[in-house]
Amino acid sequence: MGIEIERKFLLAGDGWRGLGTPTLMRQGYLVADAVRTVRVRIEGERAVITVKGKSTGASRGEWEYDIPVPDAAELLDGLCEQPLVEKVRHRIEHAGHVWEVDEFLGLNAGLVVAEIELGAEDEAFDKPDWIGREVTGDKRYYNSSLIRHPYSAWKDEA
């Protein structure tokens, strides 16, 4: 079983802009509940299906497999919950880790979050100066939650 250990943060400035490589992503969910998610994503020229288990702290089981892009497009448009989550991801290397900064589009425009994947929940890491408040575990920021309750509907609460 693969384990994903991920922490999520809001941004504290624009110091990240112009860093890393931007990639357009479209993703949708075949299943999204408290116990499991099954996600389909087109990421640039690659498509994947990902199964994730229930979160415990910053960890959860994760399995990801490449699938043909045309199949992913059919799943996104025909079977996944709508609206889809669309975003531009910037992968930025900093102090031995890769930060993934997601700039959301559409109904989630204005939301920008950064994630870091770790090898252990207690792994030490250096935060760039553009990293702000941690939101790990705040379900509003889960991509699967943004389908049912987009940022445009709750951004005044953030």
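Modeller: First, a term: buried means under 20% relative accessible area, exposed over 50%, and partly exposed in between, with a 1.4 Å probe and protein chains only. This is a predicted model, so local features need pLDDT of at least 70 and side-chain atom pairs pLDDT 80 or more, while totals for chains, interfaces and linings use all residues. Residues are numbered from 1 along each chain as its sequence is written, and side-chain values use heavy atoms, without hydrogens and water.

Biologist: Is Glu100 buried or exposed?

Modeller: Take the relative accessible area of Glu100, which is 13%. The limit is under 20%. Glu100 therefore counts as buried.

Biologist: Which residue forms a salt bridge with Glu100?

Modeller: A salt bridge needs a side-chain nitrogen of Lys or Arg within 4 Å of a carboxyl oxygen of Asp or Glu. For Glu100, the closest N and O atoms of the pair are 3.3 Å apart. The partner is in strand β6 and Glu100 in strand β7, so the pair ties together parts 11 residues apart in sequence. It is Arg89.

Biologist: What is the relative accessible area of Arg89?

Modeller: Arg89 is linked in a network of salt bridges, with Lys8, Arg41 and Asp102 among the other members. Arg89 is buried, because its relative accessible area is 4%.

Biologist: How many salt bridges does the structure hold?

Modeller: Side chains of opposite charge can pair when their charged atoms come close. For the structure, the number is 22.

Biologist: Where does Arg148 lie, the residue whose salt bridge ties it to Glu81?

Modeller: The two side chains meet at 2.8 Å, N to O. Helices are DSSP runs of H or I with at least four residues, strands are runs of E with at least two, and both are numbered from the N terminus. Glu81 is in the loop between α1 (69-78) and β6 (85-94), so the pair ties together parts 67 residues apart in sequence. Arg148 lies in helix α2.

Biologist: How far is the backbone oxygen of Tyr141 from a polar atom of the side chain of Lys8?

Modeller: Lys8 lies in strand β1 and is buried, because its relative accessible area is 7%. Contact means heavy atoms within 4.5 Å, and Lys8 touches Glu134, Tyr141 and Tyr142, among others. The distance from the backbone oxygen of Tyr141 is 3.1 Å.

Biologist: How far apart in space are the C-alpha atoms of Lys8 and Glu134?

Modeller: In sequence, Lys8 and Glu134 are 126 residues apart. In space, C-alpha to C-alpha, the separation is 5.9 Å.

Biologist: Which residues of the largest nonpolar core touch the most other members?

Modeller: A nonpolar core is a set of buried Ala, Val, Leu, Ile, Met, Phe, Trp, Tyr and Cys residues joined through side-chain atoms within 4.5 Å. This core has 14 residues. The residues touching the most other members are Trp99, Val101 and Trp130.

Biologist: Which element gives the largest share of this core?

Modeller: The elements giving two or more residues are β1 (3-11), β7 (97-104) and β8 (112-117). The largest share is 3 residues, and it comes from β8.

Biologist: How many residues are in the second, separate core?

Modeller: Its members include Ala32, Val85, Tyr151 and Trp154. The count is 13.

Biologist: What is the area of the nonpolar surface patch made by Val51, Trp63 and Tyr65?

Modeller: Patch residues have over 30% relative accessible area and no salt bridge; like charges are joined within 9 Å, nonpolar side chains (Val, Leu, Ile, Met, Phe, Trp, Tyr) within 5 Å. Tyr65 lies in strand β5 and counts as partly exposed, because its relative accessibility is 48%. Areas come from the Shrake-Rupley method with a 1.4 Å probe, and for residues only the protein chains shown count as cover. The patch area is about 270 Å².

Technical notes
Polar contact = N/O pair within 3.5 Å; in protein donor to acceptor, adjacent residues only side chain to side chain. Lists of a residue's contacts leave out its neighbours within four places in sequence.
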